[in-house]
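User: Can you walk me through how this fold is put together? I'd like to go through the packing and then the sheet.

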Amino acid sequence: MVYILLGTGFEEIEALAPCDILRRGGVQVALVGVNGPEITGGHGITVRADLTVEQLDRAQLEMIVLPGGLGGVQAMGASPAAMEAVAWAYAHDKWVAAICAAPTLLPRLGISQGKRCVCYPGMEDQVEGAAMVKANAVRDGRLLTGRGPGAALDFGFMLLEALRGSDVAAQVRAGMVYQQD
């Protein structure tokens, strides 16, 4: 199961595009409300979560995804349950994925130390200990990071490839008529 955390003010495209891509690839995904069952994103789109962060089942966790959006990142960072779930995932060799401003949460948990990462431009100094690279999305071991809203599709395909392989990701890309330049 992939759990995508949604805090009030989350970046909608960074949560919903990867969710859509993963589901097209046959991956079970649950949208997880950090601030309750209905979460409003940074651009006024309200999403009904599948469950709240307190209901997250760690035994089912395969990957945890942290979308950006400053409000959403602040909400995740202020939630002990959310931060504990991310720390647990990393400690138990599960996939941890963060995009845009969300990689700034990783140093608090010791996750970014020595890892190649990307984040929203201008926030690189807030991802202490990471080796920042220039890319839309980058994978370093079980850590996956994305640059920002414009990289949401690349990020989503990287998550799918990590979970189900390059053939499945290529099939979904073709079905969505997605082409990289």
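User: Which residues touch the most other members in the largest nonpolar core?

Analyst: Bear in mind that this is a predicted model. The core in question has 31 residues. Those touching the most other members are Leu5, Leu56, Ile64 and Met76.

User: How many residues are in the second, separate core?

Analyst: Met63, Val65, Leu144 and Ala162 are among its members. The count for this second core is 29 residues.

User: Which strands stand at the edges of the open sheet?

Analyst: The seven strands are ordered S5-S2-S1-S6-S7-S11-S10, with mixed pairing. Each edge strand has a single partner, so one side of it has no neighbour in the sheet. The edge strands are S5 (51-52) and S10 (137-140).

User: Which residue in S11 is the bridge partner of Asp140?

Analyst: S10 and S11 (residues 143-146) run antiparallel and are joined by four bridges. In S11, the partner of Asp140 is Leu143.

User: What angle does the direction of H1 make with that of S2?

Analyst: Helix H1 (residues 12-24) packs on the sheet, touching S1 (2-6), S2 (29-33) and S7 (95-99). Its direction and that of S2 make an angle of about 155°.

Note on methods. Residues numbered from 1 in each chain as written. Predicted model: local features only at pLDDT ≥ 70, side-chain atom pairs only at ≥ 80, totals over all residues. Heavy atoms only, no water. Pairing = 2+ DSSP bridges. Helix = DSSP H or I, 4+ residues; strand = E, 2+ residues; numbered from the N terminus. Contact = heavy atoms within 4.5 Å. Axes fitted to C-alpha atoms, helices over the stretch in contact; angles between N-to-C directions. Core = buried A, V, L, I, M, F, W, Y, C linked by side-chain atoms within 4.5 Å. Buried < 20%, exposed > 50% of the residue type's maximum accessible area, 1.4 Å probe, protein only.
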